[in-house]
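Student: I am new to this structure. Please take one part and walk me through it closely.

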Amino acid sequence: MFLSELHSEEREAFLELANLIAAIDGNRSIFEETILTKYKKEMELEDYQLKGLAIEDILKIFKSERSKNIVLVELFKLIYSDGVFHHQESESVQIIKKYFGFDSNEFASFKDWIIKIKELSFEK
């Protein structure tokens, strides 16, 4: 949704991070794969080859508040795509929250917003 606003280096870093999060529970769902494919297309990185960067190396690439907000919103979209918020995903999100300096209220607002959007997408 907002990934096209990221700079080239941020786009690659986001793709690394999204793939890391999708695989963190040991099982990539069809829903997560679909979202990852959409991310690649939106960012025009269909041929990007993952480098397997560490989360700390990825996170330091995002400097602006706007970029950090985009990352968090899009990651919640990925995490909730399969309907389950796994413990490992929660731990990773907490690392990201702390690294980016989000306060609890701001963090909760992002999370709630994504849940509401997901619920709307299933209504007929």
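Tutor: Start with the length of helix α5 in this predicted model. Helix α5 has 14 residues, and at 1.5 Å a residue they should span 20 Å. The end C-alpha atoms of α5 are 20 Å apart, so the two values agree.

Now look at which side of α5 faces inward. E89, S92, V93, I96, K97 and F100 are buried. Viewed down the axis of α5, these buried residues fall within an arc of 140°, so they line one face of the helix. An α-helix has 3.6 residues a turn, so residues three or four places apart point the same way. The face of α5 turned away from the buried side carries H87 and K98, which are exposed.

Next comes the partner. Helix α4 covers residues 65-79, and α5 covers residues 87-100. Their axes come within 11 Å and cross at roughly 175°. The two helices are therefore roughly antiparallel to each other. From α4, the residues K68, V71, L75, F76 and I79 take part in the contact. They meet E89, V93, I96 and F100 of α5. By type, the residues of this contact divide into seven nonpolar, no polar and two charged.

Follow the chain past the end of the helix. Just after α5, G101 takes a positive phi of about 80°.

The secondary structure comes to six helices and zero strands. Of the 124 residues in the chain, 42% are buried. Among the chain's contacts with a separation of 6 or more, 81% come from residues 24 or more positions apart.

How values were computed
Residues are numbered from 1 along each chain as its sequence is written. This is a predicted model: local features need pLDDT of at least 70, side-chain atom pairs count only at pLDDT 80 or more; totals for chains, interfaces and linings use all residues. Side-chain values use heavy atoms; hydrogens and water are left out. Axes are lines fitted to C-alpha atoms, for helices over the stretch in contact, and angles run from 0 to 180 degrees between N-to-C directions. Helices (H or I, at least four residues) and strands (E, at least two) are DSSP runs, numbered from the N terminus. Angles under 35 degrees count as roughly parallel, over 145 as roughly antiparallel, 65 to 115 as roughly perpendicular and the rest as oblique. Contact means heavy atoms within 4.5 Å. Ala, Val, Leu, Ile, Met, Phe, Trp, Tyr, Cys and Pro count as nonpolar, Asp, Glu, Lys and Arg as charged, and the others, Gly among them, as polar. The expected span of a helix is 1.5 Å times one less than its number of residues. Buried means under 20% relative accessible area, exposed over 50%, partly exposed in between (1.4 Å probe, protein chains only). The arc is that of the directions from the helix axis to the C-beta atoms.
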